[in-house]
Structure formats: structure tokens, C-alpha cells
Amino acid sequence: MSGDASSATPDAPAPQRGFLTRLGHAYLDDWTSSSSTAPAAPAPERRGTPAPLNSPPFPSADWPIGGTVVIGAPDYNTYPLMTAINGAKSRIKTYGWFDIGYNASTSNQGKFANAPAAYDVIPNSIQLDQAALYFERLPDTVQKDHFDWGFRLTSLYGLDYRYTTAYGVFSQQLLKNNNTYGYDPVMYYLDFYLPHIGQGTDIRVGRYISLPDIEAQLAPNNYTYSHSLLYTVDCYTQHGVNVTTKLSDHWTVQGGVSGGCEAAPWTKYAKLTGNACAGYTWHTGGDNLYFCANSLNSAKYSYNNISAYYLTYYHKFNATWHTDTEAWYQYERDVPNLCYGLNPCISYGANANVGANAGEITGPSLITGANGAQCNPLATHCYAPDFAAVNYIEHEWNNHHTSLTIRNEFVNDLKGQRTGTATLYSEHMVGMNYWIGSTVTFRPELRLDHSYDKPAFDAPTNGAPTKTTQLTFAGDLIWHF
């Protein structure tokens, strides 16, 4: 009988899409839904104060804190690769990005003539800065019912391995061969979440990014393509154990031990190093003050064996404007003097860190990859401090697709032990972030660096710097997967 339901032809099953088709649709959905008039998906459950920022266009929704997951915050991220693999239904994820950078610079005399500016260190070039691949599982710190765990394994290849390498972890690529490109397993750690200690406690064990700083080595975690001088010369990664406890919506405290900065625990340069940090948040998450003694040890000269103290302040003005400010003091003791027996001292610059009489200095002697200092010619060793301050002003518009960054900083490398030149620096930058959905980022910038006491830029290979001022126009394209 015509129209009888029993005679209707059942609908054919929907055809199964292949992996590449699913991946392509994941990108198309990301690029189109974010600019449509459809209502936004409900925010995931969160414990504590509201997230102060929008991400994108900013690197994260929360104020930066290192050595831990943000306790009480959910996993906000979805990734095209995981969507294509299993519809983003698993807690174990794999994702990453490609980061291609370029710059045009007034420096041109040596291969790394833009130094000590970073990461666009090779002037007038296009470079593969980062190809990164993550495997991770984040612990669920929103709940307070049960123990949970997580892990992260991050592989990095590209020019930027120069700013993550730790002595004893494939470090021959940089310290022996000075390869332009290299590989670094920049993070490998376990997280253990204990919900009943305070408002939640995270124990991190392994290799992790050092705790303080507005900036981070991994490209999507940074406001800008280039990095401040302040960030370029401090501690990058540590191998150790760090404990973070959220005491309340206002207070978070941290403590830990490591083998020091950029020195694997199994190497001769490892030094037992402590850290102690505390963060205070108020104005419903809109303000945060974070103090961190990141490296507590003897600070006696070794491979990047610095003592360092940081104070960072984050302030949200309104829905579209915020500012970040960081200041520090750090030092090493008993640093070999590159000027020993030289008057005047002519040994300075990132590519000329060899004193004519340095071979005579013992106890301790000069270490490959660890700068000496420029001190009184009568001394074999000296105390080498530096201090710095940097400020970011941030503004977003265009429905969370675009942001403006203004960065100003001063760094005083009193003995040249961090940058290779004993001088006061200033750096001023204006940049923009433009996002296509949440998967493609373009970050152009204009930057002016100046050294006040002597030339610090445009050093020919194995020669001293020739310029006190450097102007760069740079940028990068990050493709997330």
C-alpha cells in the first residue's frame, strides 16, 4: 500500500569520512564558527575566580604560573588533529604547531648578528623557528573528589632549540657543533593532583619550564614573536620536583628542588637548587602579584648556575585592556674574568667570549657555553649581577581575533655575564596578533634595541659587536594542528 511505513526504504547510513577529510573539516569549522552569529558554546566548568583573559587572542586565559597546571581551571583547548583522530573525545591528546619566522634587520655582519635579541637571531632571513609535537594528559583539577594524574612529553625541532637546550640532553648539537637547527625534548614530566591538600595540590616531577616569567619558549604561549632581552638571558628549564598548593582563591604557594638551570641532574654541572614562590590574586582574579625565588643555591659559577629573584604583577583594566610587569635581580659568584690582565678589555660580545688570559684562570675556570664576565683586570674572578624590568600593555578587539602588544624594557648587565656585553640596554616593541579561528596566528612586530655603554649588536663571526642601535621588523606564522 502506498505510504505504508512498513514499505518505506530505510535511510542509508552516512558515509564515513576519511582522516584527511575530517582534519580539513576541523579547520573549516574552526575558521567559520568563530566568526558566525551562532551562540558560543557554554564555557567548561571552572572552580575559583573567573578567567581574566580571552584566549585567543592572548596566550592563555589565566595569568601565567609555572611548574604546575592552573588548579581549578579546565582544559579549554581543542585541537584539529584530535578532532580528526577521535572527535576530541579522549583525555590523552597529541597536538602541536609549525612556526615560521622572518625578520629584516639593520644588523648584517654575522650569522647571529641580531643577538642578544631573540628568537629572530639570524638577521634578514626566514627560518623554521619551531616544529613542536605534544603528547599529554591534563589532570582534572576542577573536581575535589579524587586523585588524578597527567603527563606531558614535548618535542621541539627548529632554530629555537638554542634557547631551550639543557646540558646533558642532546646538548652537543649546540655546545659542540653550534648547529643552526636542532632537536630538544623540552618537557617531559608527570603531574600528580591531590585534591584534599588545601584547595588542591599539584606535584610535578620531571623536566619543566622554569616557574616565573610573563613569557615562555613555546611560540603559542608568548604574546609576541621575539622575546624580551630579560627573558632571553634567564633560566629556561629545570629537572626536578615542584609542589604547588592552592590555599584559597587568593593564595597559591610553590616549593621545589631541581638540578639547577639547564643542567640535567646526571651531569657534572648539576647543583642542588631550591625554589619558593607565592602568588596573591584579588579583584575577582583581575589582579595578581607573583613573587618567585626561582634558583636558591650557592650561585657559584658553573653552567648557568644563577640565583634569581622575580616579582611579576598582572592587572586587568577592563574587558579589553590589561598590563603585565616583571622585575628581577639575578647573579653568579666567582665568575672567571675575561678582562684578567687586559687593559683595556677587548673581550666582549656574544661571539667573542674568550679572554686572552682566560686559560690561566682556575677554580673555577671558563666553561664552554657559560659566559665569563668583564671585571677589574686585576681580578681573576668577580661577582656578576644583572637586574631588569619589562612591561607589557595589551589590548584586544575584533571579536577576540586581534590584539595589540606594546613592550618596553630595561636590562642592566653590569658585568656582561648574561648577554656578552657589560652595558645597560633598552628595548621597545609594538606588535600585533591576528588569529584565524584558534588555529592560525600571524604576529608582525617592529622593535628597537639600544645599548648605552658600548656596542652590543651586529657582531661579525668571532668578532666584537659594532652597533649600539638595532631596528628589526619581524614576525611569524603559527599553524596549529
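Is C292 buried or exposed in this structure? In this predicted model, C292 has a relative accessibility of 0% and therefore counts as buried. C292 takes part in one of the 4 disulfides that the structure holds, and when the bonded cysteines of the chain are numbered in sequence order, the pairing reads 1-2, 3-4, 5-6, 7-8.

**C235 and C261**

- C235 is joined to C261 by a disulfide with an S to S distance of 2.2 Å, and because the torsion about this S-S bond is about -110°, the disulfide is left-handed.
- C235 sits in the loop between α4 (229–232) and β6 (237–246), while C261 belongs to strand β7 (residues 251–261), so the pair ties together parts that are 26 residues apart in sequence.
- C235 is buried, its relative accessible area being 0%, and C261 also counts as buried, at 3% relative accessibility.

**C277 and C292**

- A disulfide with an S to S distance of 2.0 Å connects C277 with C292, and this pair links distant parts of the chain, with C277 in strand β8 (residues 273–282) and C292 in strand β9 (residues 287–296), 15 residues apart.

**C375 and C382**

- The sulfur atoms of C375 and C382 lie 1.8 Å apart, and the two residues form a disulfide.
- C375 has a relative accessible area of 10% and is buried, and C382, with a relative accessibility of 12%, likewise counts as buried, because buried means under 20% relative accessible area.

Note on methods: Residues are numbered from 1 along each chain as its sequence is written. This is a predicted model: local features need pLDDT of at least 70, side-chain atom pairs count only at pLDDT 80 or more; totals for chains, interfaces and linings use all residues. Side-chain values use heavy atoms; hydrogens and water are left out. A disulfide is a pair of cysteine sulfur atoms within 2.5 Å. Helices (H or I, at least four residues) and strands (E, at least two) are DSSP runs, numbered from the N terminus. Buried means under 20% relative accessible area, exposed over 50%, partly exposed in between (1.4 Å probe, protein chains only).
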